[in-house]
Amino acid sequence: MHLEQLLEKTFGYRTFRLGQKEIIEDVLGKYDVLAMLPTGGGKSICYQLPGYVLGGNVLIVSPLVSLMEDQVQQLRMRGEKRVIALNSFLPDEMKKAALANLRYFRFIYASPEILQSPLWLQALKKAAIALFVVDEAHCISQWGPDFRPDFLKLGMIRAQLGHPPCLALTATATPEVMNDVIETLQLTNVRKHIYPVDRQNIAIQVECVASADEKLERLLYYAKTLQGPGIIYVSSRQWAETLARKLQAEGMEGVAYYHGGMDPEQRMLVQQQFLCDQLQIVCCTNAFGMGVNKENVRYVLHFHLPGQMEAYVQEIGRAGRDGKNSLAILLYTHGDEDMVQSLIEAELPTEEQIRLFVEHGSSALRSMLGISDVQWRLLQYLFEKEASAHTAEEIVANLREAIDRRRKWKRKKLEQMRLFLFRPSCRREQIVSYFHQSLTNKPENCCDRCTFSLESYRLKRHDEPAWTFCGWEEELKRIFRNEEYTWIKGNKSNR
Amino acid sequence: MLPYLLLYCLHRFNGERSLAAVYHLLSGKKSAQTLQDSKWFQLEHVFGVCKTISLLELEQTAQELLMQKWIVSIDERSYMLTEAGRRELEQWLPSARFFAHLNGSFYHAVDTLFWYRLSLAVQTLSNLVHRYKFAPIHRHEATLAWVKKYFLSQTKPAHDLAQALYQELHALCSSLPEEEATIFTLRLTSFERIGWTNEQIALFFRKDPLYIQLMFQHLLHYMMKRIERESHLFPVLHEFVKDLVKPVSLTLSAQKTYEWLQKGKTIAEIARIRKLKRNTIEDHIVEIAANVREFSIEPFVAEETRRMIMKEATRLGTRQLKKIRDAVGHHVSYFEIRLVLAKAGELRAS
């Protein structure tokens, strides 16, 4: 069967998107592949389709549990039953069944942490891993923005699984990060497929305003006048809530917030409401977005400055996945970088924490030292690199130095972000050159430097609400399609 | 809302516990100390009802209460209510309708599972009868597996099952005030409508989100209790609950006594009706106290007496009835002491 036929039969798409076919052909040719596709470019097809051709299991290493769950869900929705997500939330009963028969699953998703477990590794060895996929591969790089120390061991794990061919996928990797990925995963005979990071249908606007009050004013203005659905990114949980309440207080409907501190069910409700167009605006931290496959996001607005270009490009990339014209707006006011600066500081262990960690480095002490997950992972990673022969003093000094390097590196990243704000050249050109690419084509609606009109992004549709509340009794009847339900105008279930 | 809930807890703690104890209580820490505290100070119903609360939030709220002069600090981080605080609490209590059925210590570990199952089953059925594909509203694998198994074991057509579940939910909601039935219904996810968050329902009713959250838990606890007690009336819903709540293991005779107690009969009345000795009925009640979590011994032992017994039992480190009775005084009966110890012991066993 031709790949196109398989694509249509299994996934319902007529044609491949940019790069997918070439990547799949190399994967099927058992090469190691490093692929960089633009955000929302359909990365998952690149390993899911081979899953139906290769005889064996596809192992997908994914950095985020929620991302993993979303992808498992999407596969199941398509009718794929032989899929499983290995993470610490797996119920015991299923864990046992999976351990006994891992070979059964066509797609095995796993967190890097789970692969450290000898139990799972043993089970994976007994399966026949035909393809080793690393999703969001930039997390591997120590210099990637979302560095995860556990990713570093993936090369070794791959070797233990008998060196199956590897596919490393990312949307945002500089050449520096790509080299790191190749080295860490021990990719040999590697085929690189690098596609433009640029998303032609996303217009880019950066607005520097005089004060925090004015920024808020601009936000309200945009929220009220732009065609949704839209995502508003902020830098803290508190701000996500504050902005959502502000918009609600302005009489706006269909606004909610989303952040990692919420109860999982409430978080899921907000995500699903947004997907089903029950919400127009989500105010959120960067916890929202990965794995959320919503095609019709019309704008992404940054209320705070992202810490680095990679994050910015990932986040604006959630707009316009349907290919239609969309907008990315970044609001900046003097001093915003200070907030990022303090976030950077908060993520790095303090001198005191380093010392206590080296002296009593056990996880029991962790909560007492007030060390966050991020700090803990970093400390452990740095600590493991230190040979045991050193004295405590030396280790502390080395760790301090390593952390200082990281601090400087993060500051440099922030500085690059700042330069992006103030440099007078085309935003799009700046983004692509950050990833060492060049721009071949400028869209009509390019960026604020190239001038474009916001007119076409203004609110056009006022959707009738799909559903109106008519009391709990009517609602219960509607839910269960009870005969007594009185169909009313406005409830589109009337069919 | 949180200020009042804190006020309520501080009032019950009576200056004998710090803010950290309130935090452990509301967030549902399963330590012996917290469980014991919740019994001792009669705060079991709020055990684990705010699982996502932070100590910081409570500290800030305590500061607010101090500024309002509703509480005074008596020790490092422990507080007593002022006269004004007590008045505020009293005025607020009638509006806290969730206290009617809220039963944290009994249901906190299972109410979420019940809700996950129920809401996923409702979503599935609703989309089935509307012939619609959908993405499950929960990612909780155990729940997904349970609901799948449940539907595979059903012999009824989807439509019939939907109507049966509709009837049961309708009956439960009908027995509730309008506001509560509405909260429950809005939370449900169904065909073409993702359920609302507590926050969104709060906006709809112009109430505090925490109020909605507690109301919702109270609703679930009420429903679970009724489904369990009257399983013959709720055959569909009973399937969702039966393996979650451990069945009460009472001897047959004690079970009978329990039923009479629930109908509001006194010990003397039950003894007469059942033609049994008073002592026997008392034995039953001790057995019930030891086995039934939500059974309150309040009608049989004055609060003052209960505290005294616990205090002496703890001080002496003994469960010997005679020693305890000597310490508390002979105006307290053995029955009262046994009852208090049984209740405390039931706690330790769990």
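User: How many residues of chain A are in contact with chain B, and with how many residues of chain B?

Analyst: This is a predicted model. Contact here requires heavy atoms within 4.5 Å. On the chain B side 49 residues take part, and on the chain A side the number is 39.

User: Which three residues supply more of the area that chain A buries against chain B than any other three?

Analyst: Chain A and chain B bury about 4200 Å² between them, 58% of it on carbon and sulfur atoms. Of the area that chain A buries against chain B, 19% is supplied by A:Glu265, A:Trp472 and A:Phe480.

User: Which residue of chain B meets A:Glu475 in a salt bridge?

Analyst: Five salt bridges are counted between chain A and chain B. In one of them, with 2.8 Å from N to O, the side chain of A:Glu475 meets that of B:Arg193.

User: Which element gives the largest share of the side of chain A that touches chain B?

Analyst: Elements that each supply at least two residues of that side include α4 (65-77), α10 (237-249) and α19 (472-480) of chain A. With eight residues, the largest share comes from α19(A).

User: Is A:Ser111 buried or exposed?

Analyst: A:Ser111 is found in the loop between β4 (107-110) and α6 (118-126) of chain A. Beyond four places away in sequence, A:Ser111 touches A:Ser62, A:Met68, A:Leu86 and A:Asn87. The cut-off for buried is under 20% relative accessible area. The relative accessible area of A:Ser111 is 7%, so A:Ser111 is buried.

Key. Residues numbered from 1 in each chain as written. Chains lettered and ligands numbered in written order. Predicted model: local features only at pLDDT ≥ 70, side-chain atom pairs only at ≥ 80, totals over all residues. Heavy atoms only, no water. Buried area = accessible area lost by both parts, 1.4 Å probe. Salt bridge = Lys/Arg side-chain N within 4 Å of Asp/Glu carboxyl O. Helix = DSSP H or I, 4+ residues; strand = E, 2+ residues; numbered from the N terminus. Buried < 20%, exposed > 50% of the residue type's maximum accessible area, 1.4 Å probe, protein only.
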